[in-house]
Amino acid sequence: MSAIIADLQIVRIAGLASDHLELVRSLDGGLLQELESSREDLVTRRREASDELYSLVPTLERADRRTALALRRRMHSDDLDPIAGEVSSILSAGLADRLAAAERLHEDFRLKVESAVRSDEARAPSLIRRALETSEMRDALDLLAPGFRELSLRSAFTVGARHTRTALAYMGRAALKPSPLSTLTSVGTPGGTDARRVDPSPLFLYRLLHSLVDDPSLVTMLEFKPAYVIDRNVVVRRVVEAHGSAWLEEDIVSLDPYAGEYERLRDWRGGDFDSLAALAGADPPLRVARWVKLGLVQVVVPGRPGDHPQSALARSLRRIEGKPHAAELARNLESLETALRSAESARKDRQPALASARAVLDRIGQDFRVRKQTARLLNEDSASPAPVGSSNIDAMLRRWGDGVRLSIFRSHRYDAIVRRFEQEVGPDSTHPDAAAFFIGAHASREFRDSMRDAWSEDRAWIERRSTGRSFLPAGDTNAPPSVGVMYQELADPRGGGDPALVVNQLVNGVGGIVARFGVVGGRTGSRIRADLMAWIDGMFPRVAATFAFHPSSEVNPLQSAARGILPSIEWPTDPRRTGHELSFEHVGLKHDSKRDVLDFVDQDGRPVAIVHLGIVPAWSVAGARGLALCVMDPWVDGTALTLDSNPVERARVAHAEPRHRPREYVDDVVVRRETWMVESSELPLPGEAETTANFLCRFDRWRKGEGIPEEAFGLAISSSGFASEARKPLWVNMLSTHSLYATLPLLREGTHVRFQEVLPGRRSGGHRVTEHVRFLRWERSHDD
């Protein structure tokens with residue numbers, strides 16, 4: 001059956017017109033080719049002169065012989081320094097004249113190249129400044145790199161300078177890489193409007209709450225819940241920060257060392273500070289703080305679904321009487337809320353509102369010793385009117401998607417979970433507590449080993465390109481086979497007048513990657529919410545209710561922003577107020593032996609769907625929550641495109657990749673851009689005494705030898721896969737010293753460099769690159 005395509009259409013719009021990357025105007029490839037041709041001619045003349053000198057050496061006096069041999073050695077140097085005047089008295093007249101003419105011609109073209117380069121270098125700083133002063137770049141940089149724009153205005157943006165490298169990296173991403181992760185782009189839908197949403201870092205608020213636990217007068221206004229305990233073990237959460245993001249991971253820790261502490265809490269079911277103080281004995285604030293640090297008690301995030309956490313916390317603080325610092329913190333949080341809403345509504349200069357919000361966060365952080373974070377303090381999504389795509393896109397996607405369907409298969413990890421359920425609970429049985437099953441399974445070393453084996457089986461299945469698991473059954477509450485497609489439209493890639501698509505990436509097809517845009521505001525947010533809910537409803541026609549799961553939303557902004565699209569379901573260790581959200585503890589798992597699947601059911605036995613609405617890939621979520629995500633969506637995208645996008649996989653196979661791969665099509669869809677893979681040590685670097693013209697000529701010679709175009713995306717691939725330098729492709733203009741000197745040091749930090757063509761290419765006239773996101777699904781197999 002052909003794919004069903006969602007009505008939901010998302011367009012990511014580049015925040016910077018591609019004209020702003022016009023770093024090269026005076027220098028062109030033709031001039032460098034002239035310099036290269038003159039160099040080749042000069043090398044030929046020097047070789048001829050060297051041969052003639054060699055034949056003359058036996059006829060010369062000893063002193064002249066030494067001079068001739070020294071001159072001959074210089075003729076074989078790569079420096080090509082002028083030498084004709086020194087050998088004119090030795091060489092034949094005709095050869096001496098030809099050598100002198102070749103030197104003059106080469107020097108003439110070298111000076112022309114140097115002049116063109118100086119002209120481009122002189123023009124580049126003003127081009128960079130104009131780009132940074134566009135309203136979109138101002139808004140984005142005020143969030144991404146507070147203070148950078150002000151510092152950069154005083155920068156000369158010279159070749160190779162740190163500010164130059166940073167500015168060009170932002171410009172390349174803003175103009176050519178409309179990623180769903182990027183603050184440098186906006187989101188749109190057909191008929192959408194301008195809007196934006198600004199939120200403080202959830203990690204900051206999470207750590208603020210834990211800082212308040214150490215304040216004896218403020219801890220009294222907090223609410224708490226017990227930790228999750230299973231078989232004399234407690235599930236303890238910890239924050240992991242990496243690459244500017246944060247995640248909550250869980251460890252299972254024995255309760256034995258804390259048996260005495262736990263006995264006090266055994267029958268406590270959560271509540272306010274007073275309920276804990278009654279169990280604490282002497283010095284309740286100190287003991288409660290100890291329980292929180294041990295993981296025996298959790299601080300509850302205040303507020304109800306839909307509340308801004310900072311506003312809910314301010315309301316709680318206002319209830320404390322006679323504590324000036326509580327009132328001061330409440331005022332600061334209210335000021336933060338006011339500044340955020342001002343930043344959202346500001347039409348022009350938003351910097352004062354953003355600066356005010358950051359100042360409040362800094363002040364709170366200092367007053368309450370909130371631990372510093374690598375993630376940024378403010379996060380934003382913005383919406384803009386979106387262009388309408390081509391009318392025949394759906395037909396292209398459907399034809400191409402039906403081929404993709406064969407590479408989507410049911411995971412061996414799902415099978416391992418089903419086998420565990422059969423062994424522990426029984427065939428055709430129901431476990432009343434899904435969380436207990438998942439956490440208990442993950443606590444088993446034997447089961448964890450089986451899951452690692454299942455990972456390996458999935459990987460081997462992808463390598464075999466087999467389709468035998470592509471049409472296995474799925475439960476009514478398991479997501480059907482689906483995929484999200486990020487693509488760009490091409491006007492005429494083959495020169496035949498027909499449009500085409502180039503696919504950038506495949507993602508989970510439920511829609512979680514775009515869910516956070518549903519709260520951006522205006523008609524854009526409303527349209528996204530409505531279309532996304534309709535898409536999800538169509539995926540689960542046989543369920544009684546649908547809930548959204550947002551793992552780590554307490555600390556991760558890309559997860560937290562998606563809350564509110566659907567009713568949430570909480571993991572038992574999530575610090576949400578008891579009773580405000582459905583919990584996994586109140587959802588069961590039911591086995592169907594006929595289809596050999598697991599379904600989620602409510603306490604009345606009715607099927608309920610749970611969907612992961614968040615941008616973090618489900619496969620990257622470890623522990624028991626990862627098992628739950630696998631049951632929610634048991635499908636693996638085994639396409640070559642997705643495998644190639646995995647940084648760990650790229651690092652693993654880089655050494656075996658072909659040096660050049662041509663552009664690959666499936667019908668009218670480009671599934672791989674033209675690609676070149678080279679070892680990073682091969683990249684030419686400028687010599688210490690080398691002229692700019694000679695270096696550019698040498699680099700251009702290397703580039704043309706490989707067949708790499710003048711503009712490309714370069715990706716450093718390191719042996720670690722997830723190393724920071726390997727995460728984002730860098731746009732490189734290989735005729736620009738500003739671009740080359742900014743990117744070459746970064747590209748050489750990996751073991752290999754992958755270059756890909758810029759497709760679609762840059763266009764003038766204020767054109768902005770757009771990326772479309774669409775979703776496809778297929779019916780489950782063997783449904784009754």
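Residues are numbered from 1 along each chain as its sequence is written, and side-chain values rest on heavy atoms, with hydrogens and water left out. Because the model is predicted, local features require pLDDT of at least 70 and side-chain atom pairs count only at pLDDT 80 or more, whereas totals for chains, interfaces and linings use all residues.

The protein chain contains 25 helices and 30 strands; helices (H or I, at least four residues) and strands (E, at least two) are DSSP runs, numbered from the N terminus. The C-alpha trace spans about 110 × 65 × 55 Å along its principal axes. Of the 784 residues in the protein chain, 54% are buried, where buried denotes under 20% relative accessible area, exposed over 50%, and partly exposed the range in between (1.4 Å probe, protein chains only).

Strand pairing was assigned where DSSP finds at least two bridges between two strands. Strands of a sheet pair through backbone hydrogen bonds, either parallel or antiparallel. An open sheet of five strands has the order E23-E26-E29-E27-E28, with antiparallel pairing. Its edge strands are E23 (660–661) and E28 (730–733), each of which pairs on one side only. Within this sheet, strand E27 (residues 711–717) and strand E29 (residues 752–757) are joined in the antiparallel sense by six bridges, and valine 753 in E29 is the bridge partner of alanine 716. The loop between E29 and strand E30 (770–777) holds proline 760. A cis peptide bond links leucine 759 to this proline, with omega about 0°.

Three strands form another open sheet, ordered E9-E5-E10 and antiparallel in its pairing. Here strand E9 (271–272) and strand E10 (297–299) are the edge strands, each pairing on one side only. Three bridges connect strand E5 (residues 223–226) with E10 in the antiparallel sense, and phenylalanine 224 lies opposite valine 299 in E10.

Parallel pairing is found around strand E16 (residues 545–549). This strand is mostly covered, as four of its five residues are buried. E16 pairs in the parallel sense with strand E21 (residues 608–612) over five bridges; alanine 548 stands opposite valine 611 in E21. Two bridges also join E16 to strand E17 (residues 568–570), again running parallel, and in that pairing phenylalanine 549 faces isoleucine 569 in E17.

Among the helices, H15 (residues 393–404) has 12 residues, which at 1.5 Å a residue should span 16 Å; the end C-alpha atoms are 16 Å apart, in agreement with this value. The expected span is defined as 1.5 Å times one less than the number of residues. The buried residues of H15 are Ile393, Met396, Leu397, Trp400, Gly401 and Val404. These residues cover an arc of only 120° around the axis and therefore lie on the same side of H15, the arc being that of the directions from the helix axis to the C-beta atoms. An α-helix has 3.6 residues a turn, so residues three or four places apart point the same way.

The axes of helix H5 (residues 135–144) and helix H7 (residues 162–176) come within 12 Å and cross at roughly 125°. Axes are lines fitted to C-alpha atoms, for helices over the stretch in contact, and angles run from 0 to 180 degrees between N-to-C directions. H5 and H7 are therefore oblique to each other, given that angles under 35 degrees count as roughly parallel, over 145 as roughly antiparallel, 65 to 115 as roughly perpendicular and the rest as oblique. The crossing of H5 past H7 is right-handed, a term applied if the near helix is turned clockwise from the far one by less than a right angle, with anticlockwise giving left-handed.

Positive phi values in residues other than glycine were computed at two loop positions described here. Phenylalanine 157, in the loop between helix H6 (148–152) and H7, has phi near 50°. Its relative accessible area of 1% makes phenylalanine 157 buried. Aspartate 428, in the loop between helix H16 (412–424) and strand E13 (430–431), has phi near 55°. With a relative accessible area of 46%, aspartate 428 is partly exposed.

Helix H16 also contains alanine 416, which counts as buried at 16% relative accessibility.
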